[in-house]
Amino acid sequence: MGTKSSMLHVRMDKELKQKATETLAAMGLSASDAVRLLFHRIAADQAFPLELKVPNARTQKAMAESEAMMKRGKARFASAEEMFTELETASRQ
């Protein structure tokens with residue numbers, strides 16, 4: 001079954017477009033991705049969705065670590081026990 005698509009043309013201030021495009025890129029999204037996500041959420045929820053934000057430095061670091069692990073095909077921890085030990089140690093600090 002083929003998918004039919006249509007174009008959506010939007011006029012906006014150049015500076016606004018530039019700032020928004022840069023922010024979306026920091027989230028790993030294109031302008032087209034963002035519009036598609038917006039429309040999916042509006043259709044699914046029958047409401048305007050909550051605001052997306054640029055991840056903070058700690059979240060960005062965790063995301064980069066996760067992506068590196070996926071590329072290597074190897075987890076950070078050798079076992080669940082090792083993971084829980086590190087989590088317990090970190091929670092005491």
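The model is predicted: local features require a pLDDT of at least 70, side-chain atom pairs are counted only at pLDDT 80 or more, and totals for chains, interfaces and linings use all residues. Residues are numbered from 1 along each chain as its sequence is written, and side-chain values use heavy atoms, with hydrogens and water left out.

Helices are DSSP runs (H or I, at least four residues), numbered from the N terminus. Helix α2, residues 31–45, contains 15 residues and reaches 21 Å from its first C-alpha to its last. This is close to the 21 Å expected at 1.5 Å a residue, where the expected span is 1.5 Å times one less than the number of residues. The helix is followed by Gln46, which is placed in the loop between α2 and α3 (57–72). The phi of Gln46 is near 55 degrees, a positive value in a residue other than glycine. Most residues other than glycine have a negative phi. Gln46 is exposed, with a relative accessible area of 67%; on this scale, buried means under 20%, exposed over 50% and partly exposed in between, with a 1.4 Å probe and protein chains only.

A nonpolar patch on the surface is formed by Leu8, Val10, Met12, Leu16, Val35 and Phe39, which together have about 570 Å² of accessible area. Patches consist of residues with over 30% relative accessible area and no salt bridge; like charges are joined within 9 Å, and nonpolar side chains (Val, Leu, Ile, Met, Phe, Trp, Tyr) within 5 Å. Accessible areas come from the Shrake-Rupley method with a 1.4 Å probe, and for residues only the protein chains shown count as cover. Met12, a member of the patch, is placed in the segment before α1 (14–26) and is partly exposed at 44% relative accessibility.

Gln60 lies in helix α3 and is partly exposed, at 36% relative accessibility. With residues up to four places away in sequence not counted, Gln60 touches Val54 and Pro55, contact meaning heavy atoms within 4.5 Å. A polar atom of the Gln60 side chain lies 3.1 Å from the backbone oxygen of Pro55. The C-alpha atom of Gln60 is separated by 9.6 Å from that of Ala26, 34 residues apart along the chain.

Side chains of opposite charge can pair when their charged atoms come close. A salt bridge is defined as a side-chain nitrogen of Lys or Arg within 4 Å of a carboxyl oxygen of Asp or Glu, and by this rule the count comes to six. In helix α1, Glu15 and Lys19 are four residues apart, about one turn of the helix, and form a salt bridge with the closest N and O atoms 3.0 Å apart. Glu15 is partly exposed at 48% relative accessibility, as is Lys19 at 49%.

Helix α2 holds the pair Asp45 and Arg41, also four residues apart, whose closest N and O atoms are 2.6 Å apart in a salt bridge. Asp45 is partly exposed, with a relative accessible area of 40%, and Arg41 is partly exposed at 39%.

In helix α4 (residues 80–92), Glu88 and Arg92 are four residues apart and therefore separated by about one helical turn. The closest N and O atoms of their salt bridge are 3.8 Å apart. Glu88 is partly exposed, with a relative accessible area of 45%, whereas Arg92 is exposed, with 65%.

Technical notes
Helix = DSSP H or I, 4+ residues; strand = E, 2+ residues; numbered from the N terminus. Polar contact = N/O pair within 3.5 Å; in protein donor to acceptor, adjacent residues only side chain to side chain.
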